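One residue in the packing gets a closer look.

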Amino acid sequence: MEIAHVGIYVQDLDKEVAFFKRYFDVKVSEEYHNPKTTFTSRFLSFDGGAKLEVCTRDDINLDRLSGYPVGYAHLAISLGSKQDVDELTERIEEDGYDHLDGPRTTGDGQYESLVCDPEGNQIELTV
């Protein structure tokens with residue numbers, strides 16, 4: 001078995017798609033929209049085969065918990081090298097997105113940096 005894709009609800013679908021296209025060079029599917037439920041989504045395909053479904057709808061719950069809420073913590077994207085992690089972290093930070101931590105080697109030996117997408121969802125950039 002393998003994970004087919006991961007889905008994430010966002011407020012601004014177009015802004016999220018543009019972010020992932022700019023920094024991760026994803027392929028973007030055609031938009032799917034269900035007028036009855038107001039559900040709209042697009043699949044973002046990464047070179048390695050992983051897919052992220054970015055979704056929205058009119059009745060999305062905008063409440064956010066503070067701290068570390070239960071649920072998915074972050075999306076980790078492997079870039080291939082420490083230099084790639086350093087360079088993309090710098091680009092994302094220069095463009096005004098939150099840079100929370102790193103780049104650094106963690107206690108378990110991983111080289112990573114933690115940044116946020118336009119809506120504050122955490123993305124771990126790894127080797």
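Contact here means heavy atoms within 4.5 Å. The model is predicted.

**The helix pair**

By that cut-off, F19, R22, Y23 and F24 in helix 1 meet L88, R91 and I92 in helix 2. By class, this contact has five nonpolar residues, two charged residues and no polar ones. Helix 1 spans residues 13-24, and helix 2 spans residues 82-94. Their axes come within 11 Å of each other. The axes cross at roughly 140°. Angles over 145 degrees count as roughly antiparallel, and 65 to 115 as roughly perpendicular. Helix 1 and helix 2 are therefore oblique to each other. Their crossing is right-handed.

**Y23 in detail**

Y23 lies in helix 1. Is Y23 buried or exposed? The cut-off for buried is under 20% relative accessible area. Y23 counts as buried because its relative accessibility is 7%.

What does Y23 touch, leaving out residues up to four places away in sequence? The partners are L88, R91, I92, D95 and Y97. Among them, L88, R91 and I92 belong to the helix 2 side of the helix contact. With D95 there is also a polar contact, side chain to side chain.

| Pair | Distance | Taken between |
|---|---|---|
| Y23 and D95 | 2.3 Å | side chains, polar contact |
| Y23 and Y72 | 21 Å | C-alpha to C-alpha |

In sequence, Y23 and Y72 are 49 residues apart.

How values were computed. Residues are numbered from 1 along each chain as its sequence is written. This is a predicted model: local features need pLDDT of at least 70, side-chain atom pairs count only at pLDDT 80 or more; totals for chains, interfaces and linings use all residues. Side-chain values use heavy atoms; hydrogens and water are left out. Axes are lines fitted to C-alpha atoms, for helices over the stretch in contact, and angles run from 0 to 180 degrees between N-to-C directions. Helices (H or I, at least four residues) and strands (E, at least two) are DSSP runs, numbered from the N terminus. Angles under 35 degrees count as roughly parallel, over 145 as roughly antiparallel, 65 to 115 as roughly perpendicular and the rest as oblique. A crossing is left-handed if the near helix is turned anticlockwise from the far one by less than a right angle, and right-handed if clockwise. Ala, Val, Leu, Ile, Met, Phe, Trp, Tyr, Cys and Pro count as nonpolar, Asp, Glu, Lys and Arg as charged, and the others, Gly among them, as polar. Buried means under 20% relative accessible area, exposed over 50%, partly exposed in between (1.4 Å probe, protein chains only). A polar contact is a pair of N or O atoms within 3.5 Å; within protein, one must be able to donate a hydrogen and the other to accept it, and residues adjacent in sequence count only if both atoms are side-chain atoms.
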